[in-house]
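Please walk me through this structure, part by part, in connected paragraphs.

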Amino acid sequence: MLKTTVVGNYPKISSDKNASNLRNALNLKDQRKISPEKLEETFQATIKRVIQEQEDVGVDIITDGQIRWDDLVTPIAKNLNGVEIGGLTRFFDNNVYYRRPIVKSKVSFKNYSTVDQFEFAQAHATKPVKAVLPGPFTLAKLSLDQHYNSIDKLTLDLAEILNQEAKELEKAGAKFIQLDEPSLCYNPEKIELAMKAVEKAFDKINCKKILYFYFGSVKSLFPRILDTSIDVIGVDVVSKPENLNVIFNNDFKQELILGVLDARNTKIESEEELFGLFDKVTNKIRPEKIYISPSCGLEFLPHESAVKKLKGMVEAVKNFQREFLFE
Amino acid sequence: MLETTSVGSFPKPDYLIKARNQFAKGELSPEKLKELELQAIKEVIQMQEEVGIDILVHGEMERGDMTTYFAENWEGFAISSLVRSYGNRYYRKPVVVNPVKRPKPVTVEYYKYAQSLTKKPVKGMMTGPYTMCDWSFNEYYPNREALTLAFAEVIHQEAVDLEKAGARYIQIDEPAISTRPDELDLAIRAMKIVTNGLKAKTISHICYGDFSTIYPRILDLPVDILDLEFANSNFSNLDIFKKPKFTKMISIGVVDVHTHTIEDKETVKQNLKKALQVFDPEKVLVDPDCGLKTRTPEEAKAKLKVIVEAVKEVKQEFGLK
């Protein structure tokens, strides 16, 4: 039976006027007009709401929405020795910007970045919460290296730190840990390095290990990425529709997260459209090995679109199972 | 030669922010809001005159955001809710739901007002077709190309009207252009439609991207002046433009618009001098990296002041007028 999941982030603010308003709270923080307790309360209320919304819609494996994250890399980067946080840089081809970590000296572990966040989210969820981290190669690639002069060395050092984080997440109860590696799509020549680093980041991890690729083409990454200890491979088939052919042309022993819902455009996918895709994929891969998800994090969408899309996705999956898989 | 200018937006004064909020809640009339917008434009023109800027901007006091503003004034859009662009910054991302049309000029009246206040040239300011496409949700057109070219037509109409109203400089910002190097040809085709037949000097501001991926192809963008950021990366991107030689005029961003600290004059001078080894001084203009709207009015003014002072001294050292 098909399952559903999300990729990572989720809109932080809702158009519902009664909902917790993190944007206001953070504005007040800038003006030093809110107590740390009140701000923390707003964060927690927002995370609980985001979890509730995903569970209400019926998503099987949820995330905490990365509500405390400004972007994919700084939450980790700011907890590393040897790294400073730099200026705004465009996040891939989006009108979204991240603060670029600047590597000043050898990187080493300072603090856990996401373990508390995971524990809080899981404690307030009935569904499993997936822990999501930037992959070591992407984390290195999105940083400005002023020390190593070697993407290889930086990536492998970061992998070791991510491994420490992942181990602690597993200890805290994570059943799914995902590494996002969008940068590898744009630098497929670095696949050996990236896979070595991913294996290192997942060393001695026993829960489900997920590797997710969004925005770019995965064509040159296959079949190499199938030859790993990764349990689940996730692919955005919206940004690059040809990624779907790549999936069809390879034999999966892993499970697959199929990112089919355009998480970067508000246009709602029709059920026919989705059924067509589900049909193709389930003919090739056993349904119980497939998770259906949006193409990437949902924070590129306004809140009401994100919810509408998720609802449509879960309903389409349910209807498809009933009509075509007789479940 | 080394004329000073600004990229476009200035911070809105508190009374205007308040008025815009009241207007949004229906507590203030459009006439009253406009009155305050014009007041803010007047203040920003005076400020630039006082600091000694050569080519002025009206500060975009009537605009909430560089794409949403046009979406609100053209036909074919639904306005979406807020999406986050970075940190705690959100914008209302337009949604194209019908064919894009321009029922009447959008920017001309504000341009005319600003120009009536000064003898110095004021730039006509627009957002480019590629960026309008890239920063909108598209629920109507079959693909990005169709949407971008549809935008190009209406922006061209606006540019022609600005020129008729007397604009000597028309800026068509394309901050999104470095996003997808594989779509640069589309952006160039669209700009060709926009600037077709214009006699005014045309400028395009591009930011937040890896220029190395679009250089030298970006020199084919049919505008006279490219406006690029340099301070944000501490001029490390200067090397990109050494080879092949930069053939257009260039407006060089010499102060960072996302820091509260005011750059010191010596640093700006040093950086500018470094840039003048790469670019022909005769073809250089100097400005901040990007719009100053996220700074406080005081910071914005202080940053412009540093630019004017640094340029003055560099000109003296180089024996330039």
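In helix 7 of chain B, the buried residues are B:Ala187, B:Ala190, B:Met191, B:Val194 and B:Thr195, where a residue is called buried if 20 or more other C-beta atoms lie within 10 Å of its own, exposed if 12 or fewer do, and partly exposed in between, with C-beta atoms placed from the backbone. Seen down the axis of helix 7 of chain B, these buried residues fall within an arc of 125°, so they line one face of the helix; the arc is that of the directions from the helix axis to the C-beta atoms. An α-helix has 3.6 residues a turn, so residues three or four places apart point the same way. The model is a predicted one, in which local features need pLDDT of at least 70 and side-chain atom pairs count only at pLDDT 80 or more, while totals for chains, interfaces and linings use all residues. Residues are numbered from 1 along each chain as its sequence is written, and chains are lettered from A and ligands numbered from 1 in the order in which they are written.

Helix 7 of chain B covers residues 184–195, and its 12 residues reach 16 Å from the first C-alpha to the last, close to the 16 Å expected at 1.5 Å a residue, the expected span being 1.5 Å times one less than the number of residues. Helices (H or I, at least four residues) and strands (E, at least two) are DSSP runs, numbered from the N terminus. The cover over the buried residues of helix 7 of chain B includes helix 5 (129–134), helix 6 (144–164), strand 6 (169–173) and strand 7 (201–206) of chain B. Just after helix 7 of chain B comes B:Gly197, which takes a positive phi of about 80°.

Helix 9 of chain B, residues 297–318, has 22 residues and reaches 32 Å from its first C-alpha to its last, close to the 32 Å expected at 1.5 Å a residue. Its buried residues include B:Leu304, B:Val306, B:Ile307 and B:Ala310, and also the charged B:Lys301 and B:Lys303. The buried residues of helix 9 of chain B pack against strand 1 (3–4), helix 2, helix 8 (265–276) and strand 10 (284–287) of chain B. Helix 9 of chain B is followed by B:Gly319, whose phi is positive, near 65°.

Leaving out residues up to four places away in sequence, B:Ile307 touches B:Thr4, B:Val254, B:Val255, B:Val268, B:Val286, B:Asp287 and B:Pro288, where contact requires that the C-beta atoms, placed from the backbone, lie within 7 Å.

Two loops of chain B hold cis peptide bonds. One joins B:Tyr215 and B:Pro216, with omega about 5°, and B:Pro216 is found in the loop between strand 7 and strand 8 (225–229) of chain B. The other runs from B:Lys243 to B:Pro244, with omega near -10°, and B:Pro244 has its place in the loop between strand 8 and strand 9 (249–253) of chain B.

In chain A, an open sheet of 7 strands has the order 1-10-9-8-7-6-4, with parallel pairing, and two strands pair if DSSP finds at least two bridges between them. The edge strands, each pairing on one side only, are strand 1 (3–4) and strand 4 (130–134) of chain A. Strand 9 (residues 255–261) and strand 10 (residues 290–294) of chain A run parallel and are joined by 5 bridges; A:Leu258 has A:Ile292, in strand 10 of chain A, as its bridge partner.

Finally, the two chains meet where 25 residues of chain A are in contact with 23 residues of chain B. Strand 2 of chain A gives the most to the side of chain A that touches chain B, with 4 residues.
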